[in-house]
Amino acid sequence: YGFSVFLCQTVVNRHSDFTSWMFNSYINHRINDIMTLDGGVSFNYTDSHYYKTIKDLLGAEYWRDIDNFSERDFPDNPTMLQNDLNNPNRKVTEGDVFGYDYNIRSITARAWLQNQIKTQHWDVNYGMQVSYTNFRRYGNMRNGRAPENSYGAGERHTFDNVAFKAGATYKLDGRNCFVLHGYYGTKAPLSDRAYVSPRIRDGVVAGLSSERLLSGDISYVFSYRALKGSITGFWTEQFNSTERLSFYDDEFQTFMNYALTNVRKSYRGVEVGLKVSITPSFSVSVAGTFSKYQYKNRPMGTRSYENGMSPDTTQIVYLKNYYVSGTPQTCLSVGFNYRAPKMWFFELNGTYMGDSYISLAPNRHEERSDILSNFNSLDEYEAWITDFTKQDKLKNAFVVNASIGKVIYLNRSASMNINLNVNNLLNNRNIQTSGYQQCRINTKDYLTTTTRYPNKYYYAQGLKVFLNMGIKF
């Protein structure tokens, strides 16, 4: 896939093309009346190709393939300007690759084994998985900011990982049971997050290693004729994960690649689901989650200056107790379902979403003791820091969806399914789906105002209608 951006007087496409090959094999063996053994192996090879092409020159004859920021900062060093030293000062036209061009090729192999035991009152399972991952970067251009570390095959990075899981279900009777799950494992870092500045050079974040996961949940599940449901408490700890983003840095006036390492996150909460059958054809469903997702430490942030002006720098990023973005942490949904005669189906669903937070700009959460002298007191400095780093909530939202379905039997073996879905029935255009702090900082007067680059938000579309038809035979 790819997307277009404006670059000075040129429109460009940024491409991310993926080719993947997979092999999977599974085995299931029944040992005796109560015990079953499952296992499998899998292999995956992925070639990810990242590059940039000219989409529209907007009337120009060609574009010179150099880095404009480096040209500004290093006018007397022609080597630093070049995006590809193998083809210096190349003139590119529409459709040509320029700027950056590299592949990341990865191999992942897994093998797993699980034993299941089922008795009258107990279902128990336990298993393990071992995996092997390696990846490396292949540069198709020799970049002038890293001439010795950008072209050809880069260093290979290898990770061996293992994971264990166990679960147990105690069936109190035919209608009530208790379920418990536990998991501990390690997981290789994602290759697209491992590199600090992959468009420029072959270099991964310092101390790159596998991520660790510890997770558990416990549930009470019940099923009666008119009432079914479950209550679940869950907890997951994520250790040593890696995140990466890129942005234009006003403080240093260059495009910046920023990697967070040794990130720890905590996910805790309660989920509830109920279904009440009012009549055999009419039911009401209620589902909700009440949770808290937070950063639990102060990770390290590594800056990589794309214009080559400075070496990489690493500093503490103060994210502890801030909230993880990306999903509502409080959600409640109520649905009404009616199965009418002659194979008609009607459903109306209302959902409330709250406690969703914008994503954080790590450069706003670095230590800034160097500006302490600009304030009259420590309290004034701390008040400014609080405002500068504030993580806003998205607006609480309520959305109503409806659907109508019909099944038509064409003959004894074939049927047609027709379904009409209407999402956001109330046409609510004020639903914020996500948002983020801008990494841009106004360096001229940011000590007197923190609102020059306000948060950015995404909004949901209004009323949407879908018609689906399918034939089964």
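The following dialogue examines a predicted model of a protein chain.

Biologist: How many helices and how many strands does the protein chain have?

Modeller: The C-alpha trace of the protein chain spans about 80 × 55 × 55 Å along its principal axes. Within the secondary structure of this chain, the count comes to four helices and 23 strands.

Biologist: What percentage of the residues in the protein chain is buried?

Modeller: A residue counts as buried when its relative accessible area is under 20%. The protein chain has 473 residues, and the buried share of them is 40%.

Biologist: Among contacts with a separation of 6 or more, what percentage joins residues 24 or more positions apart?

Modeller: A contact requires heavy atoms within 4.5 Å. Of the contacts in the protein chain with a separation of 6 or more, the share that joins residues 24 or more positions apart is 68%.

Biologist: Is Cys177 buried or exposed?

Modeller: The limit for a buried residue is a relative accessible area under 20%. Cys177 has a relative accessible area of 16%, so Cys177 is buried.

Biologist: Is Cys439 buried or exposed, and how many disulfides are counted?

Modeller: Cys439 has a relative accessible area of 10%, and therefore Cys439 is buried. A disulfide needs a pair of cysteine sulfur atoms within 2.5 Å. By this rule the number of disulfides is zero.

Biologist: Which strand is joined to β7 by 14 bridges?

Modeller: Strand β7 covers residues 122-139, and its partner covers residues 157-171. The two strands run antiparallel.

Biologist: How many residues lie between β9 and β10 in their hairpin?

Modeller: Strand β10 covers residues 176-187, runs antiparallel to β9 and is joined to β9 by nine bridges. One of the paired positions is Lys165, with Tyr183 in β10 as its bridge partner. β9 and β10 form a hairpin, and the number of residues between them is four.

Biologist: Which strand supplies the largest share of the lining of the largest pocket?

Modeller: The largest pocket has a volume of about 1,400 Å³. Its lining has 43 residues, and those nearest its centre are Glu243, Arg244, Leu245, Ser246 and Phe247. Elements that each supply at least two lining residues include β1 (2-7), β2 (10-30), β6 (97-118), α3 (191-194) and β13 (254-279). The largest share, nine residues, comes from β12.

Biologist: Which strand supplies the largest share of the lining of the second largest cavity?

Modeller: The second largest cavity is lined by Asn83, Gly99, Tyr100, Asp101, Arg137, Met141, Asn143 and Arg199. By class, this lining has two nonpolar, three polar and three charged residues. The largest share of the lining, three residues, comes from β6.

Biologist: Which residues are in contact with Ala153, leaving aside its neighbours within four places in sequence?

Modeller: Ala153 lies in strand β8, which covers residues 152-153. With a relative accessible area of 48%, Ala153 is partly exposed. Ala153 is 13 residues from Asn140 in sequence, and their C-alpha atoms are 9.1 Å apart. Leaving aside those sequence neighbours, the contacts of Ala153 are Arg136, Arg137 and Tyr138.

Biologist: In which loop does Leu58 lie?

Modeller: Leu58 has phi near 55°, a positive value in a residue other than glycine. Its relative accessible area is 44%, so Leu58 is partly exposed. The place of Leu58 is the loop between β3 (35-56) and β4 (63-64).

Biologist: In which loop does Asn89 lie?

Modeller: Phi of Asn89 is near 55°, which is positive in a residue other than glycine. Asn89 counts as partly exposed because its relative accessibility is 38%. The place of Asn89 is the loop between α2 (78-81) and β5 (91-92).

Definitions and conventions: Residues are numbered from 1 along each chain as its sequence is written. This is a predicted model: local features need pLDDT of at least 70, side-chain atom pairs count only at pLDDT 80 or more; totals for chains, interfaces and linings use all residues. Side-chain values use heavy atoms; hydrogens and water are left out. Buried means under 20% relative accessible area, exposed over 50%, partly exposed in between (1.4 Å probe, protein chains only). On a 1 Å grid over the protein atoms alone, a cavity is a set of points where a 1.4 Å probe fits but cannot get out, and a pocket is an open set with protein on both sides within 12 Å along at least five of seven lines; lining residues have an atom within 4 Å of a point. Grid points are joined across faces, edges and corners, and a volume is the space filled by probe spheres set on the points. Two strands pair if DSSP finds at least two bridges between them. Ala, Val, Leu, Ile, Met, Phe, Trp, Tyr, Cys and Pro count as nonpolar, Asp, Glu, Lys and Arg as charged, and the others, Gly among them, as polar.
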